[in-house]
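Colleague: I am new to this model and would like a close look at one part of it. Please start with the chain as a whole and then go through the details in one connected account.

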Amino acid sequence: MYPDLSAQILSELRRPRGYPAVSVLVPTHRREPENAQDPVRLRNLLAEAKDLVQADPAVSRADRIAVLDQLDQAASQIDPVDLAYAGDGLALFAAPGEHHVWSLGRTVPARVVLAETFVTRNLVAAQLADQPYWVLAVAADHASLWSGGPERVVEQDTGGFPLTRDLEDPDAERKERIGDLPSTFRDEQTRQFLRDVDTAVTSVLRADPRPLYVLGEAAAVAVLEEVGTAAGRATAVVRHGGLAQGSAEAVREAVLPAVKEQAEKESASVQQELDQARGRRQFAAGIDEVWQQVTAGRVGLLAVEEPYLVTVRDDGDHLVPAEPGDRGARDDIVDEIIEKALDTGARVSFLPDGALAGTGHISAALRY
């Protein structure tokens, strides 16, 4: 229903638009009975967005007509059946000449915003929390590219993938007679094919950098390593053949142990960096302290427990706990912190639930 987010897409969505750029954020639910109210909530928020556009004197007649049409087009993309299996939130964006719809694996507050930019912080946080990765599955005659996340992998048709070739050699009979028929992986056509695969995946990584897991039988991976550079720079290589044209679930299961191992390594590395920052007294912990430091641009590394979300309000000096729906409540303060950290050049890392329990579920190593 909805395409995967990428760094390139997020960059495009974050660029300034002319007023009004309309953002509609809709909390959704994965299970019954809560998801029964999702279509009603969506209709109500879309109606609110249209009312705001129509009532705003700063919106010209031409822009009003254009934006209302784009909101309708965005709504028409949302199939009721798909909505019943949505994630934890929807984001709809509309501006003159464009509309976008995204399903998120992270909850969002119910909001309608008219501005000169789309409200993307929830998308940024969701994309980071998903910790996306690429899987390149290779064989002598086929290479497929998969976008992976916590729960699934999806085959991609970007960057020229999938790549295929015919293993039939029209001159095979003559070569066999004279004893000059090379094995599949010594054949120059196979080597050239895998060079093309390496070039294609390198281009994808340049446009959308993510961890890369290479999946294939040992002989195919060996040639790929020999003729190119992508396999050598991969996060992990899984020597498992027969999956270049395999099912999504088979590909996911094959790389899952390597993905989990890498996540554990990264979590340990982040914890060590936070401990070192604490020893240097360049450390912040808890939502209020981290908010103050990230606002000042002092955060070098932000660490957040993956499921952590909290509602607060700003009393003028500090962030204090609040309930959703309270006057001045900010339901997505964690996502605000994440986007502000990225905007100031910080690294952001998501850790497992409970990893930062002793420091308020959110911590930071400071630059100075």
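Modeller: Of the contacts in the chain between residues at least 6 apart in sequence, 69% join residues at least 24 apart, where contact means heavy atoms within 4.5 Å. The model is predicted, so local features need pLDDT of at least 70 and side-chain atom pairs count only at pLDDT 80 or more, while totals for chains, interfaces and linings use all residues. Residues are numbered from 1 along each chain as its sequence is written, and side-chain values use heavy atoms, with hydrogens and water left out.

Along its principal axes the C-alpha trace spans about 85 × 55 × 40 Å. Of the 368 residues, 47% count as buried, that is, under 20% relative accessible area, with exposed meaning over 50% and partly exposed in between (1.4 Å probe, protein chains only).

The part to look at closely is the packing of two helices. Two packed helices are described by the angle between their axes and the distance between the axes. Helix α7 (residues 188–207) packs against helix α8 (residues 218–227) at an angle of about 70°, and their axes are 9 Å apart. Axes here are lines fitted to C-alpha atoms, for helices over the stretch in contact, and angles run from 0 to 180 degrees between N-to-C directions. The helices α7 and α8 are therefore roughly perpendicular to each other: that label covers 65 to 115 degrees, with under 35 roughly parallel, over 145 roughly antiparallel and the rest oblique.

On the α7 side the contact is made by R191, L194, R195, V197 and D198, and on the α8 side by A220, V223, L224, E226 and V227. These residues divide into 6 nonpolar, no polar and 4 charged. Nonpolar covers Ala, Val, Leu, Ile, Met, Phe, Trp, Tyr, Cys and Pro, charged covers Asp, Glu, Lys and Arg, and the others, Gly among them, are polar.

R252 is in helix α9 (residues 248–279) and is buried, with a relative accessible area of 16%. A polar atom of the R252 side chain lies 3.3 Å from the backbone oxygen of E151. Beyond neighbours within four places in sequence, R252 is in contact with P150, E151, R152 and V153.

E339, in helix α11 (residues 333–343), is also buried, at 13% relative accessible area. Its side chain makes a polar contact with the side chain of T120 at 3.0 Å. A polar contact is a pair of N or O atoms within 3.5 Å; within protein, one must be able to donate a hydrogen and the other to accept it, and residues adjacent in sequence count only if both atoms are side-chain atoms. Residues up to four places away in sequence aside, E339 touches R14, T120, R121 and V124.

Technical notes. Helices (H or I, at least four residues) and strands (E, at least two) are DSSP runs, numbered from the N terminus.
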